[in-house]
Amino acid sequence: MAKKSNWNDDYWLLVVQLYLRKPVGVKPLYSKALIDLCLEIHVSPSEVRAKMKAVEKLQLPRVERLWRTYSGNPAKLRRAVELLRQMKGFGNANEFFEGVAVNEESFERDFRPLDEDKSLTPMMLILILDLYFRLSVLTLVAETPEVIELSKMMKVSASKTAEVLNVFTYCDPYLNRQDMIVSPLLRPCNEIWSKYGNWSLEQLSDYAGQLKEYFKS
């Protein structure tokens, strides 16, 4: 059965605005601007990006009308978007979420802060897991250059990244650690390991590369 979409044709205006955001064009799948819009309207990144491609090709009459009306007048587009957000209750989170069933397995969960640590998201744990598979156990420390580089990109401390790397050693069946760890991050790290730990290194690296687009803008 196909998943129900939360798409509303009023959202074309938001997609046009995002498409026109510099640099003009279809944005990377996991760019922050695209993800922020997806979280706002509860529509998946792949669907929003497909809509952006439709804007690029002017595939629909509605899109053509919006393009003719707003593409050359960013101020007019901004006012129209502000009005849409006011009418749809975008400024009031409780009002906007009322009646919206958020799928716990959807993309949204990956980009929202962990209950256990608000400085981290599941998406960031995926990036750290990718790094875990590219380091040796002895280099899972805050002083390792790769740990410092990833931490700087994610805007967290290197010690925080190293902490997650250490927790992943307790998820790794090949290490078979017998000592105990008491960490609130063990549960979310186990969930990420269960979902991505059996991916090939190439597949995980490719996905991590796409996710890093989120931190480039």
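Me: How many aromatic pairs does a search of the whole structure find?
Reply: The search finds 15. Rings of Phe, Tyr and Trp (its six-membered ring) pair if their centres lie within 6.5 Å. This is a predicted model: local features need pLDDT of at least 70, side-chain atom pairs count only at pLDDT 80 or more, and totals for chains, interfaces and linings use all residues. Residues are numbered from 1 along each chain as its sequence is written, and side-chain values use heavy atoms, with hydrogens and water left out.

Me: Why is the pair of tyrosine 19 and tryptophan 67 called edge-to-face?
Reply: Planes under 30 degrees apart count as stacked, over 60 as edge-to-face and the rest as tilted. Here the planes stand at 70° and the centres 5.8 Å apart, so the pair is edge-to-face.

Me: What makes tyrosine 19 buried?
Reply: Buried means under 20% relative accessible area, exposed over 50%, partly exposed in between (1.4 Å probe, protein chains only). Tyrosine 19 has 8%, so it is buried. Tryptophan 67 has 24%, so it is partly exposed.

Me: Why is the pair of phenylalanine 168 and tryptophan 193 called tilted?
Reply: Their planes are at 45°, so the pair is tilted. The ring centres lie 6.2 Å apart. Both residues are buried.

Me: What makes lysine 51 sit over the ring of tryptophan 7?
Reply: A charge sits over a ring if NZ of Lys or CZ of Arg is within 6 Å of the ring centre and within 35 degrees of the ring normal. The charged end of lysine 51 is 4.6 Å from the centre of the tryptophan 7 ring. For lysine 76 over tyrosine 70, the distance is 5.9 Å.
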